[in-house]
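Here is a short briefing to read alongside the model. Have a look at the sequence and the structure first, then follow the notes below.

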Amino acid sequence: MDVKIGTRKSPLAQIQTDNVIARLQNLFPEHRFLKVLLTTTGDKDQTTALSQMAGQGVFVKTIQQKLLIGEIDLAVHSAKDLPSTEPEGLTLAAFPERAPAGDALILRNEFTTLTDLPEGAVIGTGSLRRQFQLLSLRPDFMIKSLRGNIDTRLKKLAQKEYDGIMMAQAALLRHPKALGDFKLHQVSLALDEFLPAVGQGVIAVEAVKNSPAAKIAAAIDDKNVRSAITCERAFLSVFGVGCNVPLAAHAKVIGEKIELSTMLGSKTGASYSLVQVGANPVILGQNSARALQKLANWPLE
């Protein structure tokens with residue numbers, strides 16, 4: 001049986017998909033797993049700021065449509081790119097791994113830390129959340145929109161279009177040679193100051209519900225990663241599609257419990273955060289979102 005697996009053309013997307021294929025091939029040597037490269041709306045539009053495209057599934061919708069019409073059997077995504085609700089007929093069949101969920105600041109060699117950067121330093125990010133958290137610590141920074149795949153972003157930093165750029169630690173871990181190619185280094189940022197986006201660091205494998213491919217993918221599902229990402233996505237779902245505010249959540253499985261840390265930022269610079277613990281990932285995520293909304297007097301003005 002041939003199993004066609006769709007993904008984006010970016011180097012990171014392909015590395016993640018190769019990882020999934022290797023795991024599946026090891027478990028199911030009788031099948032042949034084929035990578036299918038696709039171009040999404042987010043890949044075509046390299047100018048619009050990601051904050052203006054939030055909630056629209058711009059990196060996944062095209063791939064999901066290919067699943068629904070049967071052109072591919074599985075899809076591999078970065079979980080943080082997924083909208084908070086699944087399209088009718090599809091299922092998230094596996095969450096095989098979570099790399100470190102935090103953010104990293106990428107710098108040229110003349111700078112060593114966040115505090116080492118000069119006043120008025122230009123920092124590149126397309127994330128409203130990262131911009132909010134960064135300016136909370138360094139309001140003197142200038143934020144400049146940043147788009148493109150990993151290599152494109154690092155090249156712009158190396159060419160001094162920016163003094164630093166922000167990226168997910170997971171992206172750099174999975175594409176380790178990128179930093180060395182440009183003589184750059186990363187500074188890991190503390191989770192308590194830079195709480196990540198929902199699903200950051202998680203690989204998601206999507207399939208048509210109850211399909212043979214969905215059952216195959218389920219073999220590489222990690223139950224602890226599933227509990228954590230289910231909790232985070234339940235949190236996000238309360239805020240709804242198109243929610244364009246600084247929002248962060250990170251769940252950790254601790255024994256039989258889940259600890260969920262959350263953050264909501266306002267346009268005025270006010271920050272609201274909560275840490276709650278529970279056993280049911282969906283209930284914990286939804287209750288945490290409602291408690292955070294109450295704390296912030298949602299909707300924000």
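Pro299 sits in the segment after α10 (281–296), where helices (H or I, at least four residues) and strands (E, at least two) are DSSP runs numbered from the N terminus. A cis peptide bond, with omega at about 0°, joins Trp298 to Pro299. This is a predicted model: local features need pLDDT of at least 70, side-chain atom pairs count only at pLDDT 80 or more, and totals for chains, interfaces and linings use all residues. Residues are numbered from 1 along each chain as its sequence is written, and side-chain values use heavy atoms, with hydrogens and water left out.

**Backbone features to check**

- Most residues other than glycine have a negative phi, and most peptide bonds are trans.
- Asn297 is not a glycine, yet has a positive phi of about 55°.
- Asn297 also belongs to the segment after α10, and it is exposed at 61% relative accessibility (exposed means over 50% relative accessible area, buried under 20%, partly exposed in between, with a 1.4 Å probe and protein chains only).
- Lys183 is another residue other than glycine with a positive phi, near 55°.
- You will find Lys183 in the loop between α7 (177–182) and β9 (184–188), exposed with a relative accessible area of 64%.

**A buried glutamine**

- Gln169 lies in helix α6, which covers residues 169–174.
- Gln169 counts as buried, at 16% relative accessibility.
- Leaving aside residues up to four places away in sequence, Gln169 touches Pro100, Gly102, Asp103, Ala104, Gln186, Ser188 and Leu189 (contact means heavy atoms within 4.5 Å).

**The chain as a whole**

- The chain has 10 helices and 13 strands.
- Its radius of gyration is 19 Å, close to the 19 Å that the globule rule gives for 301 residues, so the chain is as compact as a globular protein of that length; the radius is taken over C-alpha atoms, and the rule is 2.2 Å times the number of residues to the power 0.38.
- The C-alpha trace spans about 60 × 45 × 35 Å along its principal axes.
- Of the 301 residues, 50% are buried.
- Among contacts with a separation of 6 or more, 68% are between residues 24 or more positions apart.

**Surface and charge**

- The accessible surface is about 13600 Å², with 51% belonging to carbon and sulfur atoms (Shrake-Rupley method, 1.4 Å probe).
- The chain carries 34 positive and 29 negative charges, and their mean positions are 3 Å apart; Lys and Arg count as positive, Asp and Glu as negative, while His and the chain ends are not counted.

Note on methods: Charge placed at Lys NZ, Arg CZ, Asp CG, Glu CD.
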